[in-house]
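Please keep the sequence and the structure in view while reading.

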Amino acid sequence: MSPLPGANRMEQLVESIAERVVNLVLDAVDINALVAQIDMDAVLAKVDVDAIVSKVDVEKIIERVDVQKIIDRVDVDEIVARVDVEAIIDRVDVQHIIERVDVQEIVQRVDIDSLVEQTELGTIIARSTSGVASEVLDVVRAQGVGLDDFVARWVNRILRRSSSEWPAGPTRLISPAPAEVPALAAEVAR
Amino acid sequence: MTTPSTTVAPPVAGRQGNYAGGVTRLAAFAADVGASWGIFTLGVAGLGFAINLATGGQVNLASRQILALIAIIIWEFVYFAYQWSLGGKTIGMALLGIRVVASDGNPITPRQAVIRTVALPLSILLLGLGFIGILLNKDRHALHDRLAKTVVVYSWDARAARLRWLAKQEPTTPV
């Protein structure tokens, strides 16, 4: 309470006058026009954003964010539905990718023996290709090749020479794959 | 006579394209001698039967040895030269899985087939010395191969044979 008598009333009067004056001023002033006159760029140029950002504790903000809740609200299906997969595929150079794939290396990694042995593929091959005649031919040829190698080995031994550097055959016909006949000859002979 | 194709089959796995050894070649030659004589004998018998049917006369080559020799020589020439020029292999070679190609791996030409056929008796007549190169040379050239510029290679697909052999086994565990 004010120490002077009547001061309280005076104070209330001043407050009501001030309130009234402010309302009148606000009614009279066009704030939009006032704001339009302010050069916001100049104002912003004076603001040190880095200083403000440095004062913000981003970690604390992140901690308070429930990321899981945000993810749950995202409709992935809708996003995927909006993606034009065809357009993406069109932009992929498939030919370039295929050229970079070493098919030969992939084929070499495939264990064909195991594949034939353990799957129905073997039965299909057997049904389509094998007969008594072909089986006899395989045996005769395998034995012949085995004997060829045997004779060649002994001739080389007698003549004390090595045939390892000799050409296996005409260059146009030679396969890079290792020969498997001796193994076959042994298996067939069993 | 059909001119053989000038294209070469692509290289395949196994022994295909490797120089064939002496044992296989000897076995193929023996099979060819048997096949050519068998076909010749059947042909002479068939011809004799046809002449007998038509004229009632008999054909006896045993009494005409020179004629028989000429007929055999012509027949053997046709047998080998025709088959080699056609596909590079005779009946015996097909059985044993070998074939004749030019030294560079291309298919044999009819000219090479004829030279090889004419030169083959030379290898035999020189007490078999013409064949010694099959054992000693790095490209397993016999005399007639050297003269005709040809080589004998395996045409048998050993890998396919191995797959056939594996296919006959019972499947073990499914992949």
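Helix axes are lines fitted to C-alpha atoms over the stretch in contact, and angles run from 0 to 180 degrees between N-to-C directions. The model is predicted: local features need pLDDT of at least 70 and side-chain atom pairs pLDDT 80 or more, while totals for chains, interfaces and linings use all residues. Residues are numbered from 1 along each chain as its sequence is written, and chains are lettered from A and ligands numbered from 1 in the order in which they are written.

**Helix packing**
- Helices (DSSP runs of H or I, at least four residues) and strands (E, at least two) are numbered from the N terminus.
- The axes of α2(B) and α4(B) lie 8 Å apart, at an angle of about 145°.
- Residues in contact have C-beta atoms, placed from the backbone, within 7 Å; here they include Phe77(B) and Trp84(B) of α2(B) and Val114(B) and Leu120(B) of α4(B).

**Nonpolar core**
- A nonpolar core joins buried Ala, Val, Leu, Ile, Met, Phe, Trp, Tyr and Cys residues through C-beta atoms within 7 Å; buried means that 20 or more other C-beta atoms lie within 10 Å of a residue's own.
- The largest nonpolar core has 28 residues, of which Ile98(B) and Val153(B) touch the most other members.
- Elements giving two or more residues to this core include α13 of chain A and α1 of chain B.

**Helix α1(B)**
- The buried residues of α1(B) include Val23(B), Ala27(B) and Ala28(B).
- Just after α1(B), Gly56(B) takes a positive phi of about 85°.

Key:
Buried ≥ 20, exposed ≤ 12 C-beta atoms within 10 Å, placed from the backbone. Contact = placed C-beta atoms within 7 Å.
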